[in-house]
Amino acid sequence: MPGTKRDSSGAGTDSITKENKSHTSSSDRSSTQRNSPKGPLAVKNISVKRKPKEGATPIGDEHMYYPMEESRQGLIIVNTTFKQPYKYRKGAEKDRKHLIEVYEHLNVGYEVANDLRKNKMIDKINLFSKNIKKPCSVIFVSISTHGKDNGGLLCVDGMFVSVGEIVRCFEKKELLGIPKIFIIQACKGNAKEERECEGDSTHSDSTIPTQYCTKRADVLIAYSTSEGCLSYRNTENGSWFIEVLKDCVTNGRYDSKHLVEILTICTNKIVNDYCDGNRTQTPSYYSTLMKFLKFEKRGKASKT
């Protein structure tokens, strides 16, 4: 919350620390050089000269934003209760509530699934991706669970699914050009970050040149923490990252900001206002978005 220092009271993490008899916080937990027989493979630098198309015009600012007039569709998955010896994620039910608030503020139609086994999670995500109703402006997938340092997300049967497996469910020709946003609340390792003082103080338009796309473009994955580090959860208020994201999206102050700007504000707020002793977390994201994503214009929520 703005101006509020969150301390370690009721704090847990989202690492995959297993149950033991000692009293600990609840925990949820991400270049290979190819060699040939004769040594490292040589890489040839190729210079490509691209010939401008006749009549092509520069892309103006108005064409650097994803159109948001069509339906917005989302999925929320929250895992709280796991096969032994993995711990119950007390407070994670608040993540579900906060994510629903985010979706509703952004006018995203959504469905919610809870406590899924690995095969059920993959099936649910695949079915959701197949049933995306067109036209569609944006797709959201949010997952709150335990995690581990190779990016694995824990399912309730003790099996792991990778973020890559989830993203690949949406690498389809029919979803080209639609921004796909993944919000991942989970640890990515066991490292505890300490903060330090910084110092003393695809719509056709004949007026637009042809745009190209790939199946791996138009994706943003927002992680609650950085590689190898813990992600914290308050047993009363839910995960820090989801709580701050909800506050930033729903308070109206940042409605004119695009999504990457909002995520940057979230990182600043968590590092400055949330701590467990002197420990905190640094949210991170991976993006192949080709345009800015802004939610000022309310789209049409899809019925799910």
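I count a residue as buried when its relative accessible area is under 20%. I keep to that cut-off below, and I note that the model is a predicted one.

**Helix 2**

I looked up helix 2 with that cut-off, and its buried residues are M121, I122, I125, F128 and S129. Where do these buried residues fall when seen down the axis of helix 2? They fall within an arc of 130°, so they line one face of the helix.

I then checked the length. Helix 2 covers residues 118-130, which is 13 residues. From first C-alpha to last it reaches 18 Å, close to the 18 Å expected at 1.5 Å a residue.

Next I asked what covers the buried residues of helix 2. I found that the cover includes strand 4, strand 5 (109-114), strand 6, strand 8 (160-162) and helix 3 (163-168).

**Nonpolar cores**

I looked for the largest nonpolar core and found one of 37 residues. Inside it, F140, I181 and L293 have the most contacts. At least two residues of this core come from each of several elements, including strand 4 (71-78), strand 6 (136-144), helix 1 (92-105) and helix 5 (259-273). Helix 4 gives the most to this core, seven residues. Another core lies apart from it, with 29 residues, among them I132, C155, V167 and I178.

I took L293 for a separate look. Which residues is L293 in contact with, leaving aside neighbours within four places in sequence? They are Y66, M68, V138, P179, I181, H258 and L259.

I traced an open sheet of three strands, in the order 1-12-13, with antiparallel pairing. Strand 1 (11-13) and strand 13 (238-239) stand at its edges. Each has a single partner strand, so one side of each is left without a neighbour in the sheet. I followed strand 1 to strand 12 (residues 232-234) and found three bridges in the antiparallel sense. One pair I noted by residue: A11 has N234 of strand 12 as its bridge partner.

**Confidence**

I read off a mean pLDDT of 83 for the chain, with 75% of its residues at 70 or more. Over residues 20-41 the pLDDT is below 50, and this stretch has 52 contacts in the model beyond near neighbours in sequence. Residues 200-204 also stay under 50. For them I found five contacts beyond four places in sequence.

Terms used
Residues are numbered from 1 along each chain as its sequence is written. This is a predicted model: local features need pLDDT of at least 70, side-chain atom pairs count only at pLDDT 80 or more; totals for chains, interfaces and linings use all residues. Side-chain values use heavy atoms; hydrogens and water are left out. A nonpolar core is a set of buried Ala, Val, Leu, Ile, Met, Phe, Trp, Tyr and Cys residues joined through side-chain atoms within 4.5 Å. Buried means under 20% relative accessible area, exposed over 50%, partly exposed in between (1.4 Å probe, protein chains only). Helices (H or I, at least four residues) and strands (E, at least two) are DSSP runs, numbered from the N terminus. Contact means heavy atoms within 4.5 Å. The expected span of a helix is 1.5 Å times one less than its number of residues. The arc is that of the directions from the helix axis to the C-beta atoms. pLDDT is the predictor's confidence in each residue, from 0 to 100. Two strands pair if DSSP finds at least two bridges between them.
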